[in-house]
Amino acid sequence: MVKLCSAPWNSRCPPTRIYVYDMIRYGPCTRTLMDLGTISALKGLHIPSKFIPTSTMTTTEAYDPCFEPPFELIISTLLQNHSPEIDNNHKLSPTNQTLMYEKQDYNCKFTVLPLVDISHLGLEEGHPMREECEREIAWAAKDWGFFQIVNHGIPRQVLEQMKGEQEKVFRQPFCVKRAGGGKLLNLGEECYRWGNPTATCLRQMSWSEAFHIPINDISRIEDESLRSAIEIFAAVATNLAEKIVEVLAANLRAEGTDYFRVNCTRDSCYLRMNRYPPCPNFSSEVFGLMPHTDSDFLAIVCQDSVGGLQLMKDDGTWASVSPNPNALVINVGDLLQAWSNGVYKSVKHRVMASAKEERHSMAFFYCPKSNTVIKSCINPSIYRNFSFLEYRLQVQKDVKATGDKVGLSRFLL
């Protein structure tokens with residue numbers, strides 16, 4: 001948990017007033033310096049103490065530089081902006097229910113995703129086990145939008161190495177990651193991300209941090225051990241994504257199944273390393289990653305055994321996914337739903353914040369080039385034609401205006 005502390009100023013972390021100003025400037029909202037007056041104002045909102053950072057700081061004291069982004073400070077700012085009334089049981093008044101989700105919404109039953117042995121795709125065409133594998137993939141993409149694969153080609157020791165290397169990168173002090181996230185991996189300044197820059201209330205807050213890595217930039221990573229591990233993951237994930245979308249295209253008897261290989265290249269796909277820190281005080285109020293669908297064709301995720309991934313079912317309720325560290329998780333994205341004319345489902349999902357455990361994952365996103373036109377392979381189409389760039393810009397516009405993603409409903413005919 002990040003708290004304001006009386007640690008002396010040092011070269012790696014500037015004084016609190018300047019540091020907090022920079023954090024706010026690059027974080028979820030633009031505000032003035034967080035000083036004693038602001039802290040006092042927060043206390044005047046009748047917010048429980050767990051929502052308020054400690055006020056014992058001066059202009060020469062420093063924010064604790066150890067590891068965690070200042071999530072709790074942002075939560076205090078969001079609560080200040082909305083001035084919610086919270087009772088002694090930490091419940092919001094009815095007029096402020098939109099700021100938080102009810103706690104019982106988080107207690108979901110576990111479900112086991114369909115499990116497919118992907119090695120059977122290596123058998124000759126017409127082999128019964130290959131055909132069964134192809135049917136399983138198509139059924140899972142239609143009925144679930146999510147499934148797991150085993151015998152995917154990445155040795156267990158490589159996955160363990162990748163997790164260990166991720167942990168080392170994320171354990172850098174926050175002020176180092178924020179100011180030099182790109183330098184840590186020899187990538188661009190926007191490589192490191194945390195929280196949700198567009199959050200205007202708690203329900204939009206994401207208690208997580210990530211490193212965003214274009215596939216073409218993996219070779220620039222100077223840490224040899226990390227680079228080699230994610231190169232293996234990226235290579236296998238790219239191959240798997242191509243195989244899976246070709247199976248799904250063949251199942252619909254779509255013409256021109258080279259569409260994906262032509263439009264999805266190393267220039268357009270990317271990886272994201274994710275970390276979900278323990279959230280001891282707010283795990284029932286915020287998400288690790290807020291509910292969303294993926295804006296791609298396909299995502300391939302390697303996750304640890306901690307758990308936290310949840311899917312929205314057809315009846316609008318949520319189901320927790322039982323983690324399987326030996327399997328990769330595959331999920332259909334918005335573009336594949338549109339291309340398949342709604343046959344394959346892009347399912348809303350989220351990651352829950354854990355009160356005690358740290359969670360890591362690595363995700364590969366199979367995306368097309370910006371000018372790629374997404375056109376239904378089945379007529380009559382329920383979606384109009386649109387480019388990937390047009391879709392991304394519309395999503396950004398909606399999130400900025402409403403705090404949420406409207407998605408494919410914008411493109412219905």
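Helix H4 is followed by Gly 145, whose phi is positive, near 80 degrees. Helices (H or I, at least four residues) and strands (E, at least two) are DSSP runs, numbered from the N terminus. The model is predicted: local features need pLDDT of at least 70, side-chain atom pairs count only at pLDDT 80 or more, and totals for chains, interfaces and linings use all residues. Residues are numbered from 1 along each chain as its sequence is written, and side-chain values use heavy atoms, with hydrogens and water left out.

H4 itself covers residues 128–143. Its 16 residues reach 22 Å from the first C-alpha to the last, close to the 22 Å expected at 1.5 Å a residue; the expected span of a helix is 1.5 Å times one less than its number of residues. Within H4, Arg 130, Cys 133, Ile 137, Ala 138, Ala 140 and Ala 141 are buried. Buried means under 20% relative accessible area, exposed over 50%, and partly exposed in between (1.4 Å probe, protein chains only). Arg 130 has a relative accessible area of 18%. Leaving aside neighbours within four places in sequence, Arg 130 is in contact (heavy atoms within 4.5 Å) with His 120, Leu 121, Leu 123, Glu 124 and Glu 125.

The chain as a whole provides the setting for this helix. Its secondary structure comes to ten helices and 17 strands, and 53% of its 413 residues count as buried. Among contacts between residues at least 6 apart in sequence, 78% join residues at least 24 apart.

The largest nonpolar core has 98 residues. Such a core is a set of buried Ala, Val, Leu, Ile, Met, Phe, Trp, Tyr and Cys residues joined through side-chain atoms within 4.5 Å. Ile 137, Leu 185, Leu 271, Phe 297, Trp 339, Phe 364 and Tyr 366 touch the most other members. Helix H7 (residues 224–251) supplies the largest share of this core, 14 residues. The 28 residues of H7 should span 40 Å at 1.5 Å a residue, and the end C-alpha atoms are 41 Å apart, which agrees. At the start of H7, a side-chain oxygen of Asp 223 reaches to within 3.1 Å of the backbone nitrogen of Ser 225. Beyond the other end, Arg 253 sits in the loop between H7 and helix H8 (259–263). Arg 253 has a positive phi, near 55 degrees, although it is a residue other than glycine, and is exposed, with a relative accessible area of 73%.

Apart from neighbours within four places in sequence, its contacts include Ala 241, Val 245, Cys 264, Cys 269 and Phe 297. A search of the whole structure finds zero disulfides, a disulfide being a pair of cysteine sulfur atoms within 2.5 Å. Cys 269 is in no disulfide, and the nearest cysteine sulfur, that of Cys 264, is 5.5 Å away. Cys 269 is buried at a relative accessible area of 4%, and Cys 279 is buried at 0%.

Pro 368 lies in the loop between strand E15 (359–366) and strand E16 (373–374). Pro 368 is buried, with a relative accessible area of 2%. Beyond neighbours within four places in sequence, Pro 368 is in contact with Asn 263, Cys 264, Ser 268, Phe 297, Leu 335 and Phe 388. Pro 368 and Leu 335 are 33 residues apart in sequence and 9.2 Å apart in space, C-alpha to C-alpha.

The loop between E16 and strand E17 (386–387) holds Ser 376, which counts as buried at 10% relative accessibility. A polar contact of 3.4 Å joins the side chains of Ser 376 and Asn 341. A polar contact is a pair of N or O atoms within 3.5 Å; within protein, one must be able to donate a hydrogen and the other to accept it, and residues adjacent in sequence count only if both atoms are side-chain atoms. The backbone oxygen of Ile 378 lies 2.7 Å from a polar atom of the Ser 376 side chain. Pro 380 is also placed in the loop between E16 and E17, and a cis peptide bond, with omega about 0 degrees, joins Asn 379 and Pro 380.
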